[in-house]
Amino acid sequence: MENGEITLICSSGIADISTTLFSLLKSGDHAIFSKDIYGETIELISMLRNFGIDITTADFTDIETLKTLFKANTKLVYTEIMANPLTQVVDIEKISSLAHQHNCLTVVDSTFTTPFVIKPINFGADIVIHSLTKFFGGHSDVTGGSITSSKEIINKIRHSYLLLGAVLDANSSWLIHRSIKTLGLRMKAQLNNAYTLAKALKNISAVKEVYYPGLEEHPQHKLAEKILSNGYGTMISFRVEDNRDKVDQFIHSLKTVKYLGTLGGIRTTIAHPVSAFRGEFTNEELYKMGLTEGLIRISTGAEDINDLIADFTQALEVFV
Ligand SMILES: Cc1ncc(COP(=O)(O)O)c(C=O)c1O
């Protein structure tokens, strides 16, 4: 599905990330990470620093700055295609080409996009990882992860994969194998719903801003159009008044949509990023990153789109 040579199936998304990084980096190496990545991957960076690995974090939408960050000992560049929660899209082709000019590997966590939307290896990435817990599993009832790459690179990872205990159990493997058969069907429905829902949210007066790469005003809309297929992802964020009490009321007023940490399943879920990221950053840091009390993230499911729009419309009335 990803156009790699071999895929290792892991016990979770974070297991595939830690296995990949601990296999490929050693004390004295330098690596460059996008700053807009999964919160626990950011925590993992602190662990890697404890093992003597030098890490720089950067805004990967700023290619000119990224060019200046490579050092003689840089071994790896790490990014996601679409950032959580503000949905910035990175130019993976330019990033991979830059990494290769410096003899570095490019690792992409493509969990939010899936091979249905982009195959990063086709754009020059060396390793693609996924949390299979999300879209591949699709029903929020299993955890898993995957690492896809060339035979040569997987051979460097395989031994640590076994030693770190990252192998997925048989029952979860079976569940994910079952779910992959409907990945395309689910993605098609979820992507269509996301596009229509993003447009509908823009027309609700309580909504101040909508972040979705499919919208023309999104800063990377043109790039998204160029590199993504079949749609613009199923993740949408939107901003309402920064009023925690009203945000709580809104969340409790939703009937079809669920407030849940997980994403990518057939049920639409929402998250409150500023609460979810509180473990990794101070409030001041979060507000500076645009993660304020009024920011809500949606993972669009496959329900009837009219039910979804109606549910958001009625729940958002708490802000009127
Ligand atoms: C982008 C991304 N990568 C990796 C993970 C980790 O996946 P898992 O929950 O399967 O460990 C997550 C989880 O939310 C994620 O959002």
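**Exercise 1. Determine what share of the protein chain counts as buried, and how its overall dimensions compare with a compact globule.**

Of the 320 residues of the protein chain, 47% count as buried, where buried requires 20 or more other C-beta atoms within 10 Å of a residue's own, exposed means 12 or fewer, and partly exposed lies in between, with C-beta atoms placed from the backbone. The structure is a predicted model, in which local features need pLDDT of at least 70 and side-chain atom pairs count only at pLDDT 80 or more, while totals for chains, interfaces and linings use all residues. Residues are numbered from 1 along each chain as its sequence is written. For the dimensions, take the radius of gyration over C-alpha atoms and the globule rule as 2.2 Å times the number of residues to the power 0.38. With 320 residues, that rule gives a value near 20 Å, and the protein chain, at 19 Å, agrees with it. The C-alpha trace spans about 55 × 40 × 35 Å along its principal axes.

**Exercise 2. Classify Thr 74 and Asn 155 as buried, partly exposed or exposed, and place each in its secondary structure element.**

Begin with Thr 74, which belongs to strand E4 (residues 74-80); helices (H or I, at least four residues) and strands (E, at least two) are DSSP runs numbered from the N terminus. Because Thr 74 has 18 C-beta neighbours inside 10 Å, it counts as partly exposed. Leaving aside residues up to four places away in sequence, Thr 74 touches His 30, Ala 31, Ile 32, His 102 and Cys 104, a contact being a pair of C-beta atoms, placed from the backbone, within 7 Å.

**Exercise 3. Explain why strand E9 is described as largely enclosed, and identify its pairing partners.**

First, count burial: four of the five residues of strand E9 (residues 235-239) are buried, so the strand is largely enclosed by the rest of the structure. Second, find the pairings, for which DSSP must find at least two bridges between two strands. Strand E8 (residues 209-211) pairs with E9 in the antiparallel sense over three bridges, and within E9 the bridge partner of Val 210 is Phe 238. E9 also pairs with strand E12 (residues 295-299), again in the antiparallel sense, over five bridges, with Ile 298 in E12 as the bridge partner of Ile 236.

Conventions: Contact = placed C-beta atoms within 7 Å.
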